[in-house]
Amino acid sequence: MTVSVLVVDDSGFFRKRLTEILTSSGQIRVVGVAANGREGVELAESLRPDVITMDYEMPVMDGISAVREIMKKHPVPVLMFSSLTYEGARVTLDALEAGAVDFLPKNFEEIARDGGQLQKILIDRVLDIARSRPASRVQPSFSPSSRPASPPARTVPAKPSVSGRPSSRKSPARHYAVVGIGTSTGGPVALQRVLTALPASFPSPIVLVQHMPASFTPAFAERLNKLCQIEVRQAEEGDILRPGLALLAPGGKQMMIENRSGQPRVRILPGDERLNYRPCVDVTFGSLARAYPGKTLGVILTGMGSDGREGCRMMKQSGSPIWSQDEKSSVIYGMPMAVAKAGLSDEVLSLDDIGPRLIEGVC
């Protein structure tokens, strides 16, 4: 399968270099280039590419406005390029909310080289987005005001019964010492949907692991905190978990939960270069399994790859239930699919049902 790509960027150098890198894979064909958002919208409609790469700062029409227009007229998976700054993080989060699928740092020095890891990441990311997320299933933009106030929970359990078919039984409501939520591609919007549904009186602490650069997580935590009734902030060493507080793992590092004398605390460790993800869902969920065996709830949302599967396995073996997002509502059905295929999911839920189900299932 050849993947068709439209490159939208106001830099002639960047358009040329992106085209060279993408076509060098032999699996990608650049079908058009645009120098501003307006041209990008027009070419997206006429060329119907499989994937669009989009800069955010351009003349005539900026990248975020272009993404909104594309999602209205002809939804196509969009990969944003962003600077690794606080402002870049804020703009990227706006673009993801507008409908972009994922983002990569815009590093001219790295992308100008003949080889390098960034080029491989770029090619792999474009191919994964095209294969895993057809345009017809691109997630629409979301704002808190558009979220249903209290949609009925539709549970699709994935736990096999004796016959091998899914059981129709929900996990009984119970108190959990901690709720852990892990996600990657599509996660910023997914977490926003889930967490804005929770009341300030939510009775369990929450720990969040989102694959994201170090410069992005502070802005993301601030954004969630402004939108949610519960408190959300980036986790720090020694933080104490408490009900109604969600702690986001800092980018570039690992977050673990320790339970000493019945008091759960956060440990923040340097990012281990041997691990692909920093933060890593497996690391945090594994620590939850050790700190509170049988007393935690694990939730895996949209994302590429299989991070979280082994952490969920440890939680499951300790007696804790696992929920995962369904394929239809996932931007990328990678992480939740890995958990479900391993037989670890007690419930498979649509994204809009996870928040209400948490309210119902966490007493």
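The largest pocket is lined by 34 residues. Leu 104, Ile 121, Arg 125, Asn 276 and Tyr 277 lie nearest its centre. A pocket here is an open set of points on a 1 Å grid over the protein atoms alone, where a 1.4 Å probe fits and protein stands on both sides within 12 Å along at least five of seven lines. Lining residues have an atom within 4 Å of a point. Two elements give two or more residues to the lining of the largest pocket: β5 (102-105) and α6 (117-132). The largest share comes from α6, with seven residues.

The model is predicted, so local features need pLDDT of at least 70 and side-chain atom pairs count only at pLDDT 80 or more, while totals for chains, interfaces and linings use all residues. Residues are numbered from 1 along each chain as its sequence is written, and side-chain values use heavy atoms, with hydrogens and water left out.

How big is the volume of the largest pocket? It is about 1,200 Å³. That volume is the space filled by probe spheres set on the grid points, which are joined across faces, edges and corners. By class, the lining has 15 nonpolar, 11 polar and eight charged residues. Nonpolar covers Ala, Val, Leu, Ile, Met, Phe, Trp, Tyr, Cys and Pro; charged covers Asp, Glu, Lys and Arg; the others, Gly among them, count as polar.

Now step back to the whole chain. The chain has 12 helices and 15 strands. Both are DSSP runs numbered from the N terminus: helices are H or I with at least four residues, strands are E with at least two. Of the 363 residues, 56% count as buried. Buried means under 20% relative accessible area, exposed means over 50%, and partly exposed lies in between (1.4 Å probe, protein chains only). Among the contacts with a separation of 6 or more, 74% join residues 24 or more positions apart. A contact means heavy atoms within 4.5 Å.

The largest nonpolar core has 58 residues. Such a core is a set of buried Ala, Val, Leu, Ile, Met, Phe, Trp, Tyr and Cys residues joined through side-chain atoms within 4.5 Å. Met 54, Val 179, Ile 181, Ile 206, Leu 208 and Leu 358 touch the most other members. Helix α4 (residues 86-98) gives the most to this core, with six residues. Apart from it lies another core, of 26 residues, including Val 281, Leu 288, Met 315 and Val 339.

Leaving aside neighbours within four places in sequence, the contacts of Val 179 include Phe 202, Ile 206, Leu 297 and Leu 358.

His 211 sits in the loop between β8 (206-210) and α8 (217-227). Is His 211 buried or exposed? His 211 is buried, with a relative accessible area of 13%. Beyond four places in sequence, its contacts include Thr 183, Tyr 277, Pro 279 and Met 335. Asp 307 is also in contact with His 211, and their side chains make a polar contact (2.7 Å). A polar contact is a pair of N or O atoms within 3.5 Å; within protein, one must be able to donate a hydrogen and the other to accept it, and residues adjacent in sequence count only if both atoms are side-chain atoms. His 211 and Gly 251 are 40 residues apart in sequence, yet 7.2 Å apart in space, C-alpha to C-alpha.

Pro 279, one of the contacts of His 211, lies in the loop between β12 (263-270) and α9 (281-291). The peptide bond from Arg 278 to Pro 279 is cis, with omega near 15°.

Arg 48 has a positive phi of about 50° although it is not a glycine. Arg 48 lies in the loop between α2 (37-47) and β3 (51-54) and is partly exposed, at 46% relative accessible area. Val 60 has a positive phi of about 70°, and Val 60 is not a glycine. Val 60 is placed in the loop between β3 and α3 (63-73). At 71% relative accessibility, Val 60 counts as exposed.

Gly 187 belongs to helix α7 (residues 187-195). Gly 187 is buried, with a relative accessible area of 0%. Not counting residues up to four places away in sequence, Gly 187 touches Gln 210 and Thr 302.
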